[in-house]
Amino acid sequence: MSKIVAALAAAAAVLASAALAQAKPSLPGVLTHTRAADRALERAVAAFDKHAYASGRRHMRANRAQLGKAVAAKAKLIRDASTRAERLAAAKAVVAVARQATIDEAELAKAARDLRRGSKLQRRVLAAVSRDTARAKALGVLENLLASLPDKGQVGVTNASARLTLLHERAVRQLGKDVMSSTIGKTAKAMAAADLAADIHGQAHAVNLLQALVPLLPAPAQAGLQTALDAIARSLAREANALAAVEAHASAALQAKITAAIAAARAAADDAGS
């Protein structure tokens with residue numbers, strides 16, 4: 001009987017160990033969650049386009065849940081990283097989550113315009129956009145991780161960060177249109193204006209981070225990163241011009257926020273191009 005108990009105990013220990021290993025966050029695990037979030041996002045947007053709102057809500061909840069799991073796993077990777085390889089994996093996880101959040105931001109901002117004006121669902125979708133624009137903290141974490149990476153890892157993650165920053169032009173243009181759109185309710189317009197400000201702030205922070213990294217990278221990578229910064233400068237200038245075109249059509253209550261966003265975009269463009 002004692003042998004049976006011992007065997008059962010050993011089997012339980014093996015199962016517990018396997019479950020623990022399976023639950024341990026990893027870069028592939030983070031990527032699995034971001035891919036699942038992207039698939040759910042596509043289904044949610046397609047459902048909203050067809051006015052299948054119940055289905056859209058369900059897929060959006062799945063998108064939020066998967067992105068939340070990716071964020072949690074990424075945070076655990078950052079906390080547990082003690083070697084260069086682990087820090088590189090954590091940095092790649094930061095970039096992967098930020099990339100998916102960027103895609104979510106643009107697609108959900110667009111989908112919000114097709115929802116009933118002033119509805120709870122419209123506000124909920126734009127609230128999801130708002131959560132995705134808060135990237136300054138992630139960029140700060142990335143800055144700390146990059147300092148301890150090997151040169152090759154720094155180059156790859158830095159270039160990925162530059163590409164991420166360029167992706168935000170679509171979201172800024174969409175949010176600018178939302179601020180003066182007749183299909184967006186008053187509360188949702190205020191949320192879109194706040195998202196705009198957060199997005200421009202995040203891009204300015206990214207420009208500062210990338211510029212600080214230029215002298216730390218190998219010479220060939222420095223030239224490539226400067227090319228990316230020039231592209232970001234042009235993107236920010238286009239964003240500023242697009243916002244200026246809608247500024248006069250926004251409500252008086254929101255014009256000050258748009259004016260501030262335009263000034264911030266132009267200042268960041270000047271920084272990136274200098």
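Begin by selecting Arg-238 in this predicted model: with a relative accessibility of 38%, Arg-238 falls between the 20% and 50% limits and therefore counts as partly exposed. Next, display Glu-169, which is buried at 12% relative accessibility. The two residues form a salt bridge, their closest N and O atoms lying 2.9 Å apart. This pair connects distant parts of the chain, since Glu-169 belongs to helix α8 (residues 168-179) and Arg-238 to helix α10, 69 residues apart.

Now select α10 (residues 219-247) together with helix α11 (residues 252-273). Their axes are 8 Å apart and the packing angle is about 160°; the two helices are therefore roughly antiparallel. Their crossing is left-handed. Among the residues in contact are Leu-229, Ala-233 and Leu-236 on α10, and Ile-258, Ile-262 and Ala-265 on α11. The contact as a whole comprises 14 nonpolar, five polar and three charged residues.

Proceed to Asp-104 and Arg-64, whose side chains meet in a salt bridge with an N to O distance of 2.6 Å. Asp-104 is in helix α4 (residues 84-112) and Arg-64 in helix α3 (residues 53-80), so the pair ties together parts that are 40 residues apart in sequence. Both Asp-104 and Arg-64 are buried.

Finally, remain on α3 and select Asp-80 and Lys-76, which are four residues apart and thus separated by about one helical turn. Their side chains form a salt bridge at 2.5 Å, N to O. Asp-80 is partly exposed at 41% relative accessibility, and Lys-76 is partly exposed at 29%. The salt-bridge count comes to six.

Conventions
Residues are numbered from 1 along each chain as its sequence is written. This is a predicted model: local features need pLDDT of at least 70, side-chain atom pairs count only at pLDDT 80 or more; totals for chains, interfaces and linings use all residues. Side-chain values use heavy atoms; hydrogens and water are left out. Axes are lines fitted to C-alpha atoms, for helices over the stretch in contact, and angles run from 0 to 180 degrees between N-to-C directions. Angles under 35 degrees count as roughly parallel, over 145 as roughly antiparallel, 65 to 115 as roughly perpendicular and the rest as oblique. A crossing is left-handed if the near helix is turned anticlockwise from the far one by less than a right angle, and right-handed if clockwise. Contact means heavy atoms within 4.5 Å. Ala, Val, Leu, Ile, Met, Phe, Trp, Tyr, Cys and Pro count as nonpolar, Asp, Glu, Lys and Arg as charged, and the others, Gly among them, as polar. A salt bridge is a side-chain nitrogen of Lys or Arg within 4 Å of a carboxyl oxygen of Asp or Glu. Buried means under 20% relative accessible area, exposed over 50%, partly exposed in between (1.4 Å probe, protein chains only).
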